[in-house]
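Me: I've got a model open here and I'd like to go through some of its helices with you. Can we take it one piece at a time?

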Amino acid sequence: GGIMLAAGGILNMGMFLNAGAQFIVGVTGMDPQGNMLVWVMLTLLGLVLFYTILGGMVSVVLTDYVQFVVLSFGLIIATMLAIGQLGWNNIFETVQRLQGEDGFNPFTAPGFGIEYIIWMGFAGMGAAALWPTSVARALACESEEVVRKQFMWSSLSYAVRNIVPYFWGICAFVLIVQTPALRTVFYPEGVEAGASHSLLAMPIMLGRILPVGLLGILTAAMIAAFMSTHDSYLLCWSSVITNDIISPLIPGLSQRAQVWISRVLILVIGVLIFVVSYAYPLSQDLWDFMTVSGAIYTTGAFSVLVCGLYWKRASRVGAILSLFSGSAAVLGLEPVQYAMLAPFRLAPARAEAILAQLTAARVGLVTVTFAVVVMVVGSLLFPDASPPKSTHGEKA
């Protein structure tokens, strides 16, 4: 479980560095061509590794606090300025004119639909109940009542930090299609064909509508958010590897040795995420990449958690098989799909038709179902041994 969690988690955060660097490049007006993106990635990674290794959890708390205070004001002001410059009615009318009902209805929009909506529901539940960086908050609470209150109130900030950036993306779309120079770059084949360089759209929009001082403050807050996300993830995955993989294999490790192992692992993980960010060909939406890579662990862990809590016949073998079967979610990544079809030497049109059916949402839902089935069948075929009985007929 620890190996699969760490592998999925490190892959999941692999594109964070690339996305953060593209935001800095876009919002500052740097040239995204050449090696500029790589240098920004290296600079951001160096900053994160330096203060995470030295600061530990204290650095997480400090940056989270600064990020929340500054970013809260920045989100509100930037949203008001975007509405003021683009016009509230103009934003909706532009989407209506160019996208029609698909711009408002996720049930009919291409790339969405009922499968995608169900998959997003599972992904949201998995992020709150199964993903370690979120679960750690619940595990740190003193009682169930505190957990409920924490999740209830934090759900408001979760909603805001999703809804506002979504709206910024809509504003970026409106600005781009109404600016001929930008429209040529982002939609060279027309709006119907889809956008290229989409990760640069929102930061470029912010760079154009925000005054210099506010842009600097918001960018600083975004960097703080970027760093606080990375430091908590780095600490999480290094702890998982140390506590759940290395410590059971090397019993008797001192606390000092575990701390040093975690620090070395933070550096190693940093190198791995740079390699993924630099070399991985992101040919699908970044959000789909994140949900699929996270599902490598959460799909199997979901059936283990539910059956382990609510089904008395759940067994260890069923749990292990379920965790392994969850790794099938990796088939939702497009490079893996292309590699899987390559040996068959299919005609390009045939290959594209098959890949069109292997959407991230469909692969994710099938994997969840498969993991549950494997958990049930594995538990029935390989039940745990009955617990030993005491001389008084009670469970020992």
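Predicted model: local features only at pLDDT ≥ 70, side-chain atom pairs only at ≥ 80, totals over all residues.

Me: Is Val135 buried or exposed?
Reply: The relative accessible area of Val135 is 19%. The cut-off for buried is under 20%. So Val135 counts as buried.

Me: Leaving aside neighbours within four places in sequence, which residues is Val135 in contact with?
Reply: Contact here means heavy atoms within 4.5 Å. With neighbours within four places in sequence set aside, the partners of Val135 are Ala128, Ala129 and Leu130.

Me: On to helix H2 (residues 16–28). What distance separates its end C-alpha atoms, and what span should its 13 residues have?
Reply: At 1.5 Å a residue, the 13 residues of H2 should span 18 Å. The model agrees with that, as the end C-alpha atoms of H2 are 18 Å apart.

Me: How many of the 13 residues of H2 are buried?
Reply: The buried ones include Phe16, Leu17, Asn18 and Gly20, and then Ala21 through to Val27. H2 is largely enclosed by the rest of the structure, because the buried count is eleven of the 13.

Me: Take Gln22 in helix H2. Which residues is Gln22 in contact with, leaving aside its neighbours within four places in sequence?
Reply: Gln22 counts as buried, at 15% relative accessibility. Once its neighbours within four places in sequence are left out, Gln22 is in contact with Leu37, Leu199, Leu200 and Pro203.

Me: Which residue just after H2 takes a positive phi?
Reply: The phi in question is about 80°. The residue that takes it, just after H2, is Gly29.

Me: How do helix H12 (residues 286–310) and helix H13 (residues 316–326) run: roughly parallel or roughly antiparallel?
Reply: Their axes come within 7 Å and cross at roughly 150°. Angles over 145 degrees go into the antiparallel class. That makes H12 and H13 roughly antiparallel.

Me: Now helix H14 (residues 334–341) and helix H15 (residues 348–357). Are they oblique or roughly antiparallel?
Reply: H14 and H15 pack at an angle of about 135°, with axes 11 Å apart. Roughly antiparallel would need an angle over 145 degrees. So H14 is oblique to H15.

Me: Is the crossing of H14 with H15 right-handed or left-handed?
Reply: On the H14 side, the residues that meet H15 are Gln337, Tyr338 and Leu341. Their partners in H15 are Ala351, Glu352, Ile354 and Leu355. As H14 passes H15, the crossing is right-handed.

Me: What length does helix H11 (residues 255–279) reach from its first C-alpha to its last?
Reply: H11 has 25 residues, and 36 Å is expected at 1.5 Å a residue. Close to that expected value, H11 reaches 36 Å.

Me: Last one: how many Å apart in space are Thr179 and Ala353?
Reply: Thr179 is found in the loop between helix H7 (144–177) and helix H8 (180–186), and at 18% relative accessibility it counts as buried. In sequence, Thr179 and Ala353 are 174 residues apart. In space, C-alpha to C-alpha, the separation of Thr179 and Ala353 is 35 Å.

Note on methods:
Residues numbered from 1 in each chain as written. Heavy atoms only, no water. Axes fitted to C-alpha atoms, helices over the stretch in contact; angles between N-to-C directions. Helix = DSSP H or I, 4+ residues; strand = E, 2+ residues; numbered from the N terminus. Parallel < 35°, antiparallel > 145°, perpendicular 65-115°, else oblique. Buried < 20%, exposed > 50% of the residue type's maximum accessible area, 1.4 Å probe, protein only. Expected span 1.5 Å × (residues − 1). Left-handed = near helix turned anticlockwise from the far one by under 90°.
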